[in-house]
4 protein chains.
Amino acid sequence: VPAASAIEQRIRGAFDRQGFMATIGASLVAVREGEVEIALPFSAALTQQHGFIHGGAVTSIVDSACGFAALSMMPAEAAVLTIEFKVNLLSPAKGERLRAVGRVVRPGRTLMVCIGNVFTEEARRSKQVALMTTTMMVVDAAKGLRD
Amino acid sequence: VPAASAIEQRIRGAFDRQGFMATIGASLVAVREGEVEIALPFSAALTQQHGFIHGGAVTSIVDSACGFAALSMMPAEAAVLTIEFKVNLLSPAKGERLRAVGRVVRPGRTLMVCIGNVFTEEARRSKQVALMTTTMMVVDAAKGLRD
Amino acid sequence: VPAASAIEQRIRGAFDRQGFMATIGASLVAVREGEVEIALPFSAALTQQHGFIHGGAVTSIVDSACGFAALSMMPAEAAVLTIEFKVNLLSPAKGERLRAVGRVVRPGRTLMVCIGNVFTEEARRSKQVALMTTTMMVVDAAKGLRD
Amino acid sequence: VPAASAIEQRIRGAFDRQGFMATIGASLVAVREGEVEIALPFSAALTQQHGFIHGGAVTSIVDSACGFAALSMMPAEAAVLTIEFKVNLLSPAKGERLRAVGRVVRPGRTLMVCIGNVFTEEARRSKQVALMTTTMMVVDAAKGLRD
């Protein structure tokens with residue numbers, strides 16, 4: 001396993017290559033081995049028809065958080081691919097900003113399973129707005145991404 | 001059930017109020033009762049680290065397509081809320097544009113279940129890139145959105 | 001909220017009316033408000049083709065555990081219905097017995113979201129074999145079960 | 001790809017080794033390359049507390065149907081493992097018997113994605129009661145089943 005700082009450097013590099021994270025205004029908040037945190041400030045550019053943050057934007061940050069959490073546990077020559085995820089939307093995603101935490105719960109050689117939790121921070125209260133479970137695949141970056 | 005044109009007007013109004021659809025560059029392609037289609041042209045602003053369209057962007061258009069498909073079968077005073085979805089990512093989302101088709105498979109009074117399929121169009125070939133199943137809730141627009 | 005012993009009595013009554021729990025040999029181990037535990041001893045009658053406990057049997061006990069966890073937080077006149085679940089199978093379900101723990105993470109008036117974890121106990125080691133997320137619906141027992 | 005009769009022989013062999021299918025009374029109805037059908041007659045031994053067939057029993061037959069559909073497209077030395085599934089329960093599973101149809105929608109070298117539909121037959125009417133999406137893994141039967 002690479003040193004902690006090498007892990008953060010690797011994840012930050014991958015995050016910075018995700019054009020979509022910049023488009024929605026997300027930022028990488030914390031990287032630990034097997035756990036990654038991403039923040040997303042509220043913006044009218046992210047809303048659905050009732051003025052809450054769109055479930056797709058919520059999903060985007062927690063998918064990235066889980067994917068990077070998985071990548072943080074993979075060998076240096078590996079890349080990560082999302083195979084599937086399921087999201088339960090628990091409460092409307094409103095408030096000043098969202099915080100998504102992705103965590104590996106089963107680090108396998110080929111597949112990793114992660115749990116992602118998304119919270120909103122509003123008036124000093126934190127509330128969970130979404131729950132994700134997801135399967136990430138370890139792929140050989142040199143060989144290409146999918147059969 | 002309202003007339004077909006009234007349905008389209010209603011869905012188009014809801015789509016236009018989703019700031020996030022404009023942000024990612026999505027457009028409403030077709031509205032039928034119980035089936036809605038949304039298109040998303042490829043853009044570097046939507047990518048993940050390997051240059052494909054981010055799974056969160058894929059999810060955003062198919063979540064909206066399913067939600068609007070459900071809304072198209074609801075009474076005029078109702079609003080729609082996504083309760084949960086699951087997405088299987090079948091192939092990398094590359095190509096010129098994506099097309100998401102959401103369809104109601106169980107239209108209930110309180111809950112509607114939808115299937116969403118996302119295709120990429122590339123060099124005149126269409127290929128499925130994602131499969132969603134989702135539960136949508138019928139809520140009273142006047143009473144507010146969640147208990 | 002009814003007293004703790006009334007909760008346990010209610011859940012035990014519902015468990016005993018599930019013919020399927022008796023068929024597979026499951027037993028109700030613990031009931032707390034919002035959390036229920038069910039055990040399932042290994043049996044050749046429960047296996048799939050590789051000799052592990054079938055994913056459907058694993059799902060059965062964790063679906064019941066989650067449903068009863070939700071029911072334990074519902075008013076006395078309510079019944080519980082499973083709307084959907086997703087299960088990630090983390091490791092082969094082998095060992096002497098399985099233990100499923102269902103827990104409510106969002107207790108709503110109409111819908112409750114639960115997380116279920118299934119563990120195997122083998123040679124004094126406990127290992128997680130499955131992870132469920134699920135939506136349970138609160139229905140009026142008198143009115144009937146689904147629209 | 002092996003001949004059709006070889007496929008059926010292989011799937012029937014795997015079905016017969018699933019002790020759990022015999023326990024619940026399920027039978028293998030049809031095998032085609034990439035599509036398998038399993039039937040389950042109603043029995044009080046399969047019920048939940050409202051007298052319907054337990055969601056776990058419904059899941060058991062559609063998980064097996066999907067797994068065998070995937071296995072029917074795999075090379076002879078491969079075995080199949082369920083990685084994850086999600087089930088939407090659309091209507092109470094009552095009636096004389098259930099019929100689960102599993103179908104491969106993405107046959108990959110390492111992973112296969114399937115859709116499963118479960119129907120009830122009652123008074124000459126067929127009604128869908130459940131919808132599954134699932135990921136199946138192709139594993140080398142000789143090497144063992146999971147990393």
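**Terms and their grounds**

Me: Why does D:Arg12 count as partly exposed?

Reply: The relative accessibility of D:Arg12 is 33%. Buried means under 20% relative accessible area, exposed over 50%, and partly exposed in between, with a 1.4 Å probe and protein chains only. Because 33% falls in between, D:Arg12 counts as partly exposed. This is a predicted model, in which local features need pLDDT of at least 70 and side-chain atom pairs count only at pLDDT 80 or more, while totals for chains, interfaces and linings use all residues. Residues are numbered from 1 along each chain as its sequence is written, chains are lettered from A and ligands numbered from 1 in the order in which they are written, and side-chain values use heavy atoms, with hydrogens and water left out.

Me: What makes the link between D:Glu8 and D:Arg12 a salt bridge?

Reply: The closest N and O atoms of D:Glu8 and D:Arg12 are 3.4 Å apart. A helix here is a DSSP run of H or I with at least four residues, numbered from the N terminus.

Me: How do you know that B:Arg32 and B:Glu37 form a salt bridge, and is each buried or partly exposed?

Reply: Their side chains meet at 3.8 Å, N to O, and the limit is 4 Å. B:Arg32 is partly exposed at 39%, whereas B:Glu37 is buried at 12%.

Me: Why is D:Ser64 called buried, and what does its side chain meet?

Reply: D:Ser64 has a relative accessible area of 3%, so it is buried. This residue lies in helix α3 (residues 55-71) of chain D. Its side chain makes a polar contact with that of C:His54 at 2.7 Å; such a contact is a pair of N or O atoms within 3.5 Å, where within protein one must be able to donate a hydrogen and the other to accept it, and residues adjacent in sequence count only if both atoms are side-chain atoms.

Me: Why is α3(B) described as largely enclosed by the rest of the structure?

Reply: 17 of the 17 residues of α3(B) are buried, so the description holds.

Conventions. Helix = DSSP H or I, 4+ residues; strand = E, 2+ residues; numbered from the N terminus.
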